[in-house]
Amino acid sequence: MAERVRIFQHPDSLLVGHVRNLIERAGIPCELRNWMLAGGMGDLAPIDCEPELWVAPHNAERAEAVIAQWRRGDALAEGLPDWQCPVCGEAHEGVFDRCWQCGGSRPERE
Ligand SMILES: [Zn+2]
């Protein structure tokens, strides 16, 4: 059994799945753990069943860079969805982070 290091965990399994996609798209094999447990409604303490992402140690640095980039909200790398200005209702492509019409900011994701 190859050694693995945990690089990410979050109670939201959809979010973990999204991050896994980003990592795998970067060419890094990624192992998902606690995935099934996360969707359950049992009495387990949440911290014990959060979905986790594990990678081989030699990939950890690269995977963490992918996550760091995602956390910075790198729009171009990630292919953000279109968004609608909460102030004036104008529609925008994901690469823009401000409304060109009223100057409003793109709503935070998550
Ligand atoms: Zn606007």
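Helices (DSSP runs of H or I, at least four residues) and strands (DSSP runs of E, at least two) are numbered from the N terminus. The structure is a predicted model, in which local features need pLDDT of at least 70 and side-chain atom pairs count only at pLDDT 80 or more, while totals for chains, interfaces and linings use all residues. Residues are numbered from 1 along each chain as its sequence is written, and side-chain values use heavy atoms, with hydrogens and water left out.

The protein chain contains 4 helices and 5 strands. Their order along the sequence is β-α-β-α-β-α-α-β-β. A residue is termed buried under 20% relative accessible area, exposed over 50%, and partly exposed in between (1.4 Å probe, protein chains only). By this criterion, 32% of the 110 residues in the protein chain are buried. Accessible areas were computed by the Shrake-Rupley method with a 1.4 Å probe, and for residues only the protein chains shown count as cover. The accessible surface of the protein chain is about 7400 Å², and carbon and sulfur atoms account for 52% of this surface. A contact is defined by heavy atoms within 4.5 Å. When contacts between residues at least 6 apart in sequence are considered, 50% join residues at least 24 apart.

The nonpolar core was examined next. Such a core is a set of buried Ala, Val, Leu, Ile, Met, Phe, Trp, Tyr and Cys residues joined through side-chain atoms within 4.5 Å. The largest nonpolar core has 16 residues, of which I7, F8, I23 and L53 touch the most other members. Two or more residues of this core come from each of β1 (5-9), α1 (13-25), β3 (52-55) and α3 (57-71). Apart from neighbours within four places in sequence, F8 has contacts with V16, V19, P51, E52, L53, I67, W70 and R71.

Further residues illustrate how separate parts of the chain meet. G17 belongs to helix α1 and is buried, because its relative accessibility is 12%. The C-alpha atoms of G17 and W35 are separated by 8.9 Å, although these residues are 18 apart along the chain. I28 is located in the loop between α1 and β2. With a relative accessible area of 2%, I28 is therefore classed as buried. The C-alpha atoms of I28 and V55 are 7.7 Å apart in space, with 27 residues of separation in sequence. Beyond its neighbours within four places in sequence, I28 contacts I23, V55, N59, R62, A63 and V66. R33 lies in strand β2 (residues 31-33) and is partly exposed, because its relative accessible area is 26%. Between the C-alpha atoms of R33 and P51, 18 residues apart along the chain, the separation is 5.7 Å. The contacts of R33, leaving aside neighbours within four places in sequence, are with R4, E50, P51, E52 and W54.

A zinc site was also characterised. Donors are N, O and S atoms within 2.8 Å of the metal (3.2 Å for Na, K and Ca); water is not among the atoms, so sites may look incomplete. The SG atoms of C85, C88, C99 and C102 coordinate the zinc ion at 2.2 to 2.3 Å. Along the chain, these donors follow the spacing C-x2-C-x10-C-x2-C. C88 in the loop between β4 (83-84) and β5 (91-92) and C102 in the segment after β5 are 14 residues apart, and this pair links distant parts of the chain. Four donors count as tetrahedral if all angles lie between 85 and 135 degrees. The site of the zinc ion is tetrahedral, with angles of 104 to 121 degrees among its 4 donor atoms.

C88 is partly exposed, because its relative accessibility is 33%. C102 is likewise partly exposed, at 38% relative accessibility. C99, at 4% relative accessibility, is buried. A disulfide is defined as a pair of cysteine sulfur atoms within 2.5 Å. The structure holds 0 disulfides.

E90 is placed in the loop between β4 and β5 and is partly exposed, because its relative accessibility is 23%. The C-alpha atoms of E90 and Q101 are 7.3 Å apart in space, and the two residues are 11 apart in sequence. Leaving aside neighbours within four places in sequence, E90 is in contact with W83, Q84, C85, C99, W100 and Q101. Among these contacts, C85 and C99 also coordinate the zinc ion.

Technical notes: Tetrahedral: all angles 85-135°; square planar, octahedral: opposite > 155°, others 65-115°.
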